[in-house]
Amino acid sequence: MKRTIIAILGLLVIGAGLAPAQAQRPSDLTYPPLKYEPPSPRDFRIVYAGGLRAYVQPDKSLPLFNITAIVNCGDLYVPKDKTGLGTVLGDQLIKGGTTAKEGPAIEDRIDFLGGSLNFNVQDRTAMLTLSVLSKDLDEGLATFFDVLRNPAFREEPLKLAKARMIEQLRQVNDQPSTILSRAYDRLLYGDNAITWQPTKASYEGVTAADLKAYHAKYFTPRNVILAVSGDFDKAALKAKIEKLTAGWKGGAPAFPAIPKTFPNPEPGVYFVEKAINQGYISLGHLGIEDTNPDYYAVQVMNFILGGGSFTSRITTKVRSDEGLSYNQGSRFTYRWGLPGTFSGYVQTKSSTVGYAISLILNEFNRIRTAPVSDAEIETAVNFYLESFADSFQSSQTTMMSFANLEMTGKPMDYYKTYRAKIQAVTKARVQDVATKYIQPDKAVIVIVGDWEPCNKGGEKWAGPLDKLGRVHKVALTDPMTGQEIK
Amino acid sequence: MKKRILFLIAAVFVVAAFAAAADVTLDVKEHVLANGMKILMIPKPGVPRVVCHVYFKVGSINERPGITGSAHIHEHLMFKGTKVMGVTDDAADAKIDAQIDELMGQIYREKFWKTDGDQAKIAALQKQVDELAKAEKAFIIKDDLWTQYMKNGGTALNASTSQETTGYYVTLPSNKIELQMLMESDRMMNAVFREFYSEKDVIMEERRLSENRPGYFFGEQVNAAFYTASPYHWDVIGWMDDLRKVTKKDLTDFHKTYYVPNNAVAIYVGDFDPAAVVALAEKYFGRIPKGPDLEPIRDGEPPQYGEKRMYGEGPAPTSLQMMFHIPPAGDPDAQALSILASTLGSGGGGFRGGMGGGGGTGRLYKNLVRDKQVAVSASASSRPQWYVGAFQFSATPRLDKGVKPEDLEKEIWAEIEKVKKEGLTEEEIQKAKNRGEAMFIRSLGSTSGLASQVGRAELMRGWRSILTDLDALKKVGNDDIKRVAAKYFVKDNSLTAIYTRKGR
């Protein structure tokens with residue numbers, strides 16, 4: 001009992017020592033200094049026999065084992081008549097089984113162990129991810145490499161997957177937000193692997209032979225980077241991985257060329273008809289690549305314009321001042337090796353569609369023509385500097401970030417130099433990049449909504465919508481055929 | 001003097017509770033302030049960040065007809081400033097705000113109390129309101145709290161409202177926990193609901209976003225039909241008519257009742273010294289006066305005494321939904337029902353952003369999707385909730401094969417009858433237990449997920465319920481499975497909803 005009291009008194013003293021004076025507002029507070037240096041990718045990088053690269057961090061805090069294989073392959077490497085191959089592969093790499101085991105047996109076993117094994121395919125990367133308790137490391141790891149190396153793409157599960165995917169095409173025009181992003185990308189990127197949509201015929205055209213050929217081409221040790229973390233010994237893991245990857249051959253594949261020229265769509269309004277009570281809107285044009293040296297200034301600029309949530313201009317004006325919307329802002333999206341998009345976005349009731357667009361266009365112009373305030377740039381820069389350590393909260397996420405840097409050919413000192421580059425952004429640089437990368441006169445304004453009330457407008461902004469530029473009606477496509485719906 | 005020391009000991013007593021599951025422990029340090037507010041801490045040394053969450057034991061189930069949506073509106077209003085935040089001159093602002101409230105009161109009477117309100121009068125009053133709102137802008141510092149958090153490196157900044165709880169979230173650098181303590185305690189004590197009327201417009205837009213999700217209206221009606229007496233009857237967003245008519249006074253009353261320290265839990269997960277957090281909590285949250293005790297909600301759900309069926313048509317996928325009333329969390333039957341949901345429904349969802357995805361190891365997936373090929377997806381879930389629970393089967397038919405929702409309904413009933421008779425296999429039960437345990441271990445590795453799970457659990461059954469539930473899960477046997485299936489999966493306890501796509 002006495003010991004308890006001493007402990008508690010000790011705590012009180014510590015507490016009293018740390019307790020600052022009662023502050024009333026944030027400006028009254030001062031904070032102890034905090035120094036944080038990010039981990040260095042070099043400390044975690046390993047090249048296993050056969051050229052398989054990995055970022056590995058033992059982490060004994062929990063009895064878990066996590067491993068992800070990032071493969072350089074994806075939807076952009078698929079020919080047009082096979083569109084959807086990536087989705088089918090995403091489903092069938094596991095469900096189609098391996099040469100040794102059927103898919104359901106693999107899934108049942110991983111599930112029985114309380115583990116998870118998932119595979120998904122994106123534009124240019126695909127990821128196979130396993131998580132198991134560390135007591136099941138050996139079995140999990142063997143299954144992981146079996147699936148990665150020896151998928152069998154059996155006919156029966158493939159047939160079922162294609163039938164289900166074709167059935168799900170019926171839902172493609174259900175959500176206004178997906179219709180919008182599809183129409184927006186289509187205008188900006190044109191007829192390109194980025195915008196091709198699977199149809200009944202393209203799904204039906206995907207064969208087990210296609211999947212096998214695709215797998216054989218891209219799933220080679222030199223085209224894969226691993227990210228690994230959890231409760232294991234680094235040397236023991238190396239031995240296990242090298243044993244499981246022995247005899248795995250193949251160099252870096254030849255990748256299909258990805259077109260880099262895109263159409264210049266006519267600025268104006270592009271309207272997709274849908275019977276809903278709001279307009280879903282995106283307005284803008286193509287953006288930049290994240291390897292562009294202006295990337296950091298663009299991040300800060302967009303934070304102020306519409307990326308910094310409630311501290312951004314678009315949210316303040318459109319949501320907070322006017323009550324026009326719940327969700328609004330601006331964003332730069334990024335794609336590996338290709339320009340991303342820039343867009344302002346909002347969803348608002350039909351009668352205020354024109355008004356909300358006009359307010360966003362005003363903000364596009366304002367950030368180009370006048371310097372941002374000291375307070376705005378201070379908030380934006382401090383946000384990026386002070387939140388930096390967030391990226392390294394989990395070992396597995398950190399290993400994934402490093403593996404992705406290497407995969408996409410970014411400088412390995414990206415994190416090390418990140419804060420200095422953000423700190424170097426000035427008000428003048430913000431205005432420079434706003435002028436350079438936001439061009440309202442080139443913007444397409446894509447709207448999904450109910451034409452009559454959207455076009456009519458309301459009290460604060462009366463229609464018609466062609467006040468914003470020539471109106472083009474965009475037809476929905478029949479998801480089964482890919483043909484326009486007349 | 002002695003009494004004082006005893007009081008201090010009680011007030012500063014930090015309990016380190018260790019509870020073991022498998023080979024790992026959930027270690028939550030607890031501290032209770034004199035005003036009843038609980039402070040929970042899970043230190044995780046390493047990266048210098050701290051997840052800071054505050055949870056209140058209030059959600060849409062604490063509303064009543066006429067003020068539905070209030071818990072969520074209130075959550076929005078908590079970002080609209082306080083006597084010290086978001087304003088340059090509180091007295092001047094308050095004067096204008098009071099005038100706006102007075103005029104809006106008159107507008108509401110014309111609009112909502114009368115069937116033939118004077119439109120000219122409404123327009124004239126609205127004009128005065130617009131002018132005052134414009135004048136008030138001079139005193140308002142927009143989104144002050146949000147900006148303070150952002151410029152100090154706050155991430156995962158958000159708030160959310162559910163049926164049962166409301167949470168306020170931020171993750172900060174570990175040297176800035178005091179900022180959270182200051183601003184969160186300030187808005188508990190000093191909230192001022194500025195820009196109330198334009199914020200209601202924002203929330204109506206939020207509701208419209210839901211309405212434009214195909215099938216939303218039908219789903220809202222299904223839920224309302226399933227719960228008749230209990231306040232789970234309405235969605236968290238509330239009915240549109242109530243959103244229009246709810247008043248600022250409704251919301252200030254709501255605040256006074258529920259936003260008291262004895263109805264709140266603050267939880268910290270990350271790299272910090274618990275003693276320092278306790279000292280700060282005493283200083284900031286400790287200054288808030290205790291409120292009256294709160295009575296739990298009164299309305300349970302009466303027995304249904306008859307099967308319910310609903311049919312709808314519209315722009316969403318053709319589908320089947322079967323719902324059954326089950327007891328709330330903590331009931332001895334809850335874990336057997338959870339194993340049933342896991343075994344029948346696991347991985348039965350769609351893919352490509354569909355309904356869940358996953359491995360496809362559940363019975364419904366294997367039988368209906370893979371072997372008989374009559375469904376695109378088929379899944380089951382068990383939601384115990386705090387006061388009344390629901391078990392749900394969902395399935396979408398293979399239209400290309402001419403399958404109808406009613407056909408899937410028969411298939412699912414056949415599966416149910418089989419379970420009533422035979423239960424599950426030993427392997428299936430063991431699998432569900434393994435999954436439960438692994439999920440628990442994984443949850444310990446997260447920061448915000450752990451804060452959310454532990455913080456919310458504390459409000460109702462205490463955070464240790466996470467561990468006792470896991471123990472209860474491990475004890476479930478096949479007799480329990482057969483018993484609960486027979487008890488709850490009966491037509492008089494069910495609602496079956498059939499939706500058919502119409503048009504494009």
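Trainee: With which residues is Asp143(B) in contact, leaving aside its neighbours within four places in sequence?

Mentor: In this predicted model, the partners of Asp143(B) are Phe310(A), Thr311(A), Thr316(A) and Ser320(A) in chain A, together with Phe79(B). Each of these pairs is called a contact because the C-beta atoms, placed from the backbone, lie within 7 Å. Asp143(B) itself sits in the loop between helix H4 (119-136) and H5 of chain B.

Trainee: Why is Asp143(B) called buried?

Mentor: The cut-off for a buried residue is 20 or more other C-beta atoms within 10 Å. Asp143(B) has 23 such atoms within 10 Å and is therefore buried. Asp143(B) also lies 7.4 Å from Gly81(B), C-alpha to C-alpha, although 62 residues separate the two in sequence.

Trainee: How many residues of each chain take part in the contact between chain A and chain B?

Mentor: The contact involves 76 residues of chain B and 73 residues of chain A. Among the elements of chain B that give two or more residues to this side are helix H1 (2-12), helix H5 (144-151), strand S6 (166-173) and helix H15 (426-445). The side of chain B that touches chain A comprises 33 nonpolar, 20 polar and 23 charged residues.

Trainee: What makes Ile281(A), Val300(A) and Ile445(A) stand out in the largest nonpolar core?

Mentor: Of the 131 residues in that core, these three touch the most other members. Helix H10 (residues 295-307) of chain A gives the most to the core, namely eight residues. Beyond its neighbours within four places in sequence, Val300(A) is in contact with Ile377(A), Ala380(A), Val381(A), Ile422(A), Val425(A) and Val430(A).

Trainee: Which residues does the second, separate core include?

Mentor: This core of 58 residues includes Leu85(A), Ile94(A), Phe119(A) and Ala438(B). Membership requires buried residues joined through C-beta atoms within 7 Å.

Trainee: How is chain A divided into domains?

Mentor: Domain 1 of chain A covers 41-244 and domain 2 covers 268-474. Their centres, taken over C-alpha atoms, are 31 Å apart. The contact takes 27 residues from domain 1 and 28 residues from domain 2 of chain A.

Trainee: What supplies the largest share of the side of domain 1 of chain A that touches domain 2 of chain A?

Mentor: H6(A) does, with eight residues. By class, this side of domain 1 of chain A has 16 nonpolar, seven polar and four charged residues.

Trainee: How many of the residues in chain A are buried, as a percentage?

Mentor: Of its 486 residues, 45% are buried. Chain A has 17 helices and twelve strands.

Key: Residues are numbered from 1 along each chain as its sequence is written. Chains are lettered from A and ligands numbered from 1 in the order in which they are written. This is a predicted model: local features need pLDDT of at least 70, side-chain atom pairs count only at pLDDT 80 or more; totals for chains, interfaces and linings use all residues. Two residues are in contact if their C-beta atoms, placed from the backbone, lie within 7 Å. Helices (H or I, at least four residues) and strands (E, at least two) are DSSP runs, numbered from the N terminus. Ala, Val, Leu, Ile, Met, Phe, Trp, Tyr, Cys and Pro count as nonpolar, Asp, Glu, Lys and Arg as charged, and the others, Gly among them, as polar. A residue is buried if 20 or more other C-beta atoms lie within 10 Å of its own, exposed if 12 or fewer, and partly exposed in between; C-beta atoms are placed from the backbone. Domain bounds come from an automatic or database domain assignment.
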